[in-house]
Amino acid sequence: MLLFKRVLDLQKYLLTQKNKGLTVGFAPTMGALHRGHISLIDRSRAECDITVASIFVNPTQFNNAQDLEKYPRTPERDIEMLTESGCDILFMPDAAEIYPDGTTPSVKFNFGKLDRVLEGVFRPGHFDGMAQVVHRLLDIIQPERLYLGQKDFQQAAIVAKMLEILKLKTEIVTCAIVREEDGLAMSSRNVRLTVEDRPKAALIHKVLTEAADMVGEYNPSEIQKSSLLKLKAEPRFKVEYFEIVDGRTLLPIQLFEDTDFAVAVVAVWVGDVRLIDNVILKQIIEENAHDTEGY
Ligand code: AMP
């Protein structure tokens, strides 16, 4: 695996590869890698000639200074995992490489309501920072395909909208959520759970699974109510939201019949660790629809 720290070096190398007609797949990450991240690398390797991963803990998407400070950093292990996975290139820049003109965004996107609901309510400014860094990274790497996880469902929807706004040809590939054995969605933040809280965190996926089982017999508001009750019964949980939304607009749905794409999304504090998760409750896939794995 080749490791690049500088934008110009990476671009120069990628140009030589692109001139040979090779396709590039890109998986942006903030490091502290786990099998969820590696699943993106695996998928890219299966579909593209060259796979680029990036590790950059983007300061502009943290609305909470403590969260940024406490964000786990394990660069040596990350490099080892990526090397083992067969990733071709790791881009690990400093903030000055990504933001040579300072961190004030030069472009402000209009995502409509997409960035104002769910995470947008609880993490003001987060999606502006996320869009800013993904925009910058796409501009540097210009991949054919961008590999994102369904885990960050709203993020994937907003990045898809950004590509549409920018009229970029990069295709988004959304990969299924990789989970621990007890169902907890893998996340870099899981290592911060206390030994007592870690098993309790599995309740999040249990409630999501039970919500999926209720579809057909109950309407979205009934499922939401019962799910909230179960989550709130755990004293170590502080629930920010549990909502059943349309997978495209991210707005709450009244009836499952009103949409062909329904997803239950949740954000919970477990002790002082904030976790998000989701499960697709309904999806009718159009014939000829392209790449829907994970959605
Ligand atoms: P992060 O390092 O948390 O910014 O995540 C980088 C990418 O990995 C994002 O596209 C995430 O959605 C994806 N990702 C994180 N956790 C998982 C998981 N458990 N399964 C699949 N993809 C994931």
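So, which residues are the closest to the ligand, and how many surround it? There are 17 residues around the ligand, and the closest are M30, G149, D152, V178 and M186. A residue counts as near if one of its heavy atoms lies within 4 Å of the molecule.

Before I go on, a quick word on what we're looking at. This is a predicted model, where local features need pLDDT of at least 70 and side-chain atom pairs count only at pLDDT 80 or more, while totals for chains, interfaces and linings use all residues. Residues are numbered from 1 along each chain as its sequence is written, and side-chain values use heavy atoms, with hydrogens and water left out.

Okay, back to the ligand. Let's start with D152: an N or O atom in its side chain sits 2.6 Å from an oxygen atom of the ligand. V178 has a polar backbone atom 2.9 Å from a nitrogen atom of the ligand, and M186 puts a backbone N or O atom 2.9 Å from a nitrogen atom of the ligand. How much of the ligand does the protein cover? On its own the ligand has 480 Å² of accessible area, and the protein covers 93% of that. Those areas come from the Shrake-Rupley method with a 1.4 Å probe; for residues, only the protein chains shown count as cover.

Which elements give two or more residues to this shell? They are β2 (24–29), α2 (35–47) and β5 (145–149). Of the elements, α2 gives the most, with three residues. When I say helix or strand, I mean DSSP runs, numbered from the N terminus: H or I with at least four residues for helices, E with at least two for strands. By class, the shell has nine nonpolar, six polar and two charged residues. For that count, Ala, Val, Leu, Ile, Met, Phe, Trp, Tyr, Cys and Pro are nonpolar, Asp, Glu, Lys and Arg are charged, and the others, Gly among them, are polar.

Now, two of those shell elements, β2 and β5, also belong to an open sheet of six strands. In general, strands of a sheet pair through backbone hydrogen bonds, either parallel or antiparallel. Here the pairing is parallel, and the order is β1-β4-β3-β2-β5-β6. At the edges you'll find β1 (2–4) and β6 (171–175), each pairing on one side only. From one strand to the next, the twist averages 25°; that angle is between N-to-C directions, from 0 to 180 degrees, with axes as lines fitted to C-alpha atoms, for helices over the stretch in contact.

Let's walk through some of the pairs. Two strands pair if DSSP finds at least two bridges between them. β3 (residues 50–55) and β4 (residues 89–91) run parallel over three bridges, and S54 has F91 in β4 as its bridge partner. β2 and β5 are joined by two bridges, with F26 partnered by L146 in β5. Next along, β5 and β6 pair over five bridges, again in the parallel sense, and Y147 stands opposite V173 in β6.

There's also an antiparallel pair to look at. β8 (residues 261–270) pairs with β9 over 10 bridges, and V265 stands opposite N278 in β9. The two strands form a hairpin with two residues between them, and G271 in the turn has a positive phi of about 65°. Is β9 (residues 273–283) mostly covered or mostly open? Mostly covered: eight of its 11 residues are buried. Buried means under 20% relative accessible area, exposed is over 50%, and partly exposed is in between (1.4 Å probe, protein chains only).

N278 comes up again, by the way. Its side chain makes a polar contact of 2.6 Å with the side chain of Q150. A polar contact is a pair of N or O atoms within 3.5 Å; within protein, one must be able to donate a hydrogen and the other to accept it, and residues adjacent in sequence count only if both atoms are side-chain atoms. Q150 is in the loop between β5 and α8 (153–166), and it counts as buried because its relative accessibility is 7%.

A32 has a phi of about 50° and lies in the loop between β2 and α2; with a relative accessible area of 10%, A32 is buried. Q142 has a phi of about 45° and sits in the loop between α7 and β5. Is Q142 buried or partly exposed? Partly exposed, because its relative accessible area is 48%.
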